[in-house]
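Please look through the sequence and the structure shown here before reading on.

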Number of protein chains: 2
Amino acid sequence: MLKATGTCARAPGPTTLRDVYAEADIPTEIQRALTSFLDIQQERLAAIGPELEEQVQAARDATSGGKRLRPSFCYWGFRAAGGNPELPILKAAASLEMLHVSALVHDDVMDSSDVRRGAPAAHRRFEALQRARSAASGTGGDPVGFGIGAAILLGDLCLIWADEMMHTSGFDAASLASASKFFDAVRVEVTAGQYLDLVAQASGEADMDRALRVLRYKAATYTVERPLHIGAALGGGGQHLIDSLSAYGLPLGEAFQLRDDLLGVFGDPSKTGKPAGDDLREGKRTVLTAYAVEHASEVQLAEFDRLFGRPDLDSDEIQLLREILQDSRAVQACENLITERTEDALDALDRAPIDDETSRKALADLAIAATSRHL
Amino acid sequence: MLKATGTCARAPGPTTLRDVYAEADIPTEIQRALTSFLDIQQERLAAIGPELEEQVQAARDATSGGKRLRPSFCYWGFRAAGGNPELPILKAAASLEMLHVSALVHDDVMDSSDVRRGAPAAHRRFEALQRARSAASGTGGDPVGFGIGAAILLGDLCLIWADEMMHTSGFDAASLASASKFFDAVRVEVTAGQYLDLVAQASGEADMDRALRVLRYKAATYTVERPLHIGAALGGGGQHLIDSLSAYGLPLGEAFQLRDDLLGVFGDPSKTGKPAGDDLREGKRTVLTAYAVEHASEVQLAEFDRLFGRPDLDSDEIQLLREILQDSRAVQACENLITERTEDALDALDRAPIDDETSRKALADLAIAATSRHL
């Protein structure tokens, strides 16, 4: 089904997430859903012990901020299926943010990242708490081990809570049942994608095939396709819409992650919430680095291998790595891929069986906003 | 409702789990459910990448063996509610075993345990795998970090799968909805109990109050009460039965964990699947050690503090700690508590509104078997 607005989507002007959210104030609603859910959990956990307050507080902080992309895609998938916006879709969509926080908390433990969204990563936060407690009491064990253990448990709680948020969102059993296969799929896929990523880091291999699979499962299905599917299923969408949302969501999700990978290397720390060049210190194997390794000169490659993944890189060394990524044309290749896949997504959106013009425009705007340099 | 068989339950003769399972071959059925679920997951994950085979294999090994206590309580809670045994209750019950494996895998990471059920703990297994891979390729990162990361993801997968096993077990939406509040509760409670335990280890405080709360949330609700509730809810049991199962399940769960704590210190490694005295090396704070600290002489206490929680304890030092636990009468106190709480559980069972005599006898036998010295 071709729509006149399809062409309009190609010239959306300067679209930011703020513009997209003008349509429906998704971040505020998601924050409200998360806060009121955690209020209930706080009471439940207080009955078990006052110590649990520390976990709830960590969950509150970890669920603050962020771009709320996954709930946004879920919301617009629902609206695209003709779902009634009076239904508790934003409560259901907020469960994807809770899931995301679970993945981030565990990811930071696995990567030994110190900072997340401009604040100490959860395991560092718990480590500091234990250090303070030990200092006050003059006794106590290893704060690093405590921090890791507490963050593993926080991630577990958020994973459990994501499920509880979804199935207590207020949708009827039939709608929940049709969404559940996608909700099961996304949870397994993101965990599997994380494992691919872990194997890639550990092997030190910059294999393009594996980088593309990580891109797909750790990002494209997780950030865009499955949230759309969950929303569409809750809204009563049929198989044709589900397939069309894949055709839009998968290339868009890849474009989004390619942008995120570029920002991880070149981004402004005040916007990314992570120290400059953090992905270079972590040795994060991405399509960007895989391309560089495949196309760098011998001298560049030797330099790259010497520096990449060293936790103590200084700003000159980071600059050197950035130049190798530029000179090997890896950056340009990623920019081209982003443009190409965003175009593919918008083409698929033109063909998608979506009657609601507001949804169609929001999905087009989201595509631009999620892949722009200013995210 | 008093039952004639109530008295019979007091003189069950030598009851082992094997005797209990003669009634319904729960371990075989649970294994079958886990295996066929993992067969499906294996196919799904193979589509993402061949590396995921390693996660599925680890999940298969981690879900083998074990006493299947939680599924057993779930099954008999269902039967006690008059549930039809033709329904897929053992498939639903198997989800509790998957949940348990998730908790064990993460617990072993948090405690740096090397061995579980007589085999390397999951993080050690992944560490060895990465070590072999690095040796073969001549490259590769830190195997210890890989092991921890991979085990975090395995625990996440099992936690997600526990939910999927439950809601795809084949029960109708109404039955699942009534069980879901208990399923949500047990997942949160065990995680919260783990956090209490972590705080207790880290603080080095042997506080009896906290030890009793850990006992309740990490063990009693998790191992006995909630599995009974989930089974009873799936079987259509009402609030009176749910309350009666709490009255039976909570003291029994505490008695079970007290036995487990004694076995962690005095148990035969060939039966516990853990090295002798492992809990003493870990510095596991239990009711047993809390009692000892409260009642030991000054000399004993100084020895205890010097040795307890040292990872390198030799067999003489383990023996010395065991003697302190005996001489402070902590062991006898725990034995008394076990007897008392098992009696409380059996008294509550006598009063429970359970018509089915087979269920009543099985629950009585389970109480004896789960708290006996020969578990």
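The model is a predicted one. Helix 7 of chain A, which runs over residues 122–137, has 16 residues and reaches 23 Å from its first C-alpha to its last, close to the 22 Å expected at 1.5 Å a residue. After helix 7 of chain A comes A:Gly138, whose phi is positive, near 75°.

Which residues of helix 7 of chain A are buried? They are A:Ala122, A:His123, A:Phe126, A:Glu127, A:Gln130 and A:Ser134. These residues cover an arc of only 135° around the axis, which puts them on the same side of helix 7 of chain A. An α-helix has 3.6 residues a turn, so residues three or four places apart point the same way. On the other side of helix 7 of chain A, A:Ala135 and A:Ala136 are exposed. The buried residues of this helix pack against helix 4, helix 6, strand 2 and helix 8 of chain A, together with helix 9 (173–203) of chain B.

That last partner leads to the pairing of the chains. Two copies of a chain are related by a rotation about an axis and a shift along it. Here, a rotation of 180° with 0.0 Å of shift along its axis superposes chain A on chain B, with an RMSD of 0.0 Å. That is the relation of a two-fold axis. In chain A, the C-alpha nearest the axis belongs to A:Ala173, at 3.2 Å from it.

The contact takes 52 residues from chain A and 52 residues from chain B. Because 100% of the interface residues of chain A are also interface residues in chain B, the copies meet through the same surface. The area buried between chain A and chain B is about 4,400 Å², of which carbon and sulfur atoms give 68%. Between the two chains there are 6 salt bridges, and A:Glu51 forms a salt bridge with B:Arg210, in which the closest N and O atoms are 2.8 Å apart.

Over all chains, the whole structure holds 59 salt bridges. In one of them the side chains of A:Arg79 and A:Asp356 meet at 3.8 Å, N to O. This pair links distant parts of the chain, with A:Arg79 in helix 5 of chain A and A:Asp356 in the loop between helix 17 and helix 18 of chain A, 277 residues apart. A:Arg79 is buried, with a relative accessible area of 16%, whereas A:Asp356 is partly exposed at 25%. The side chains of A:Arg341 and A:Glu254 also meet in a salt bridge, at 2.0 Å from N to O, and they join helix 17 to helix 11 of chain A across 87 residues. A:Glu254 is buried, with a relative accessible area of 10%.

Two loop residues remain to be visited. Phi of A:Ser112 is near 50°, a positive value in a residue other than glycine, and this residue lies in the loop between helix 6 and strand 1 of chain A. At 48% relative accessibility, A:Ser112 counts as partly exposed. B:Arg329, which is not a glycine, has a positive phi of about 65° and is found in the loop between helix 16 and helix 17 of chain B. B:Arg329 is exposed, with a relative accessible area of 53%.

Key:
Residues are numbered from 1 along each chain as its sequence is written. Chains are lettered from A and ligands numbered from 1 in the order in which they are written. This is a predicted model: local features need pLDDT of at least 70, side-chain atom pairs count only at pLDDT 80 or more; totals for chains, interfaces and linings use all residues. Side-chain values use heavy atoms; hydrogens and water are left out. Helices (H or I, at least four residues) and strands (E, at least two) are DSSP runs, numbered from the N terminus. The expected span of a helix is 1.5 Å times one less than its number of residues. Buried means under 20% relative accessible area, exposed over 50%, partly exposed in between (1.4 Å probe, protein chains only). The arc is that of the directions from the helix axis to the C-beta atoms. Contact means heavy atoms within 4.5 Å. Copies are superposed by least squares on the C-alpha atoms of residues with pLDDT of at least 70 in both. Buried area is the accessible area (1.4 Å probe) that two parts lose on being put together, summed over both. A salt bridge is a side-chain nitrogen of Lys or Arg within 4 Å of a carboxyl oxygen of Asp or Glu.
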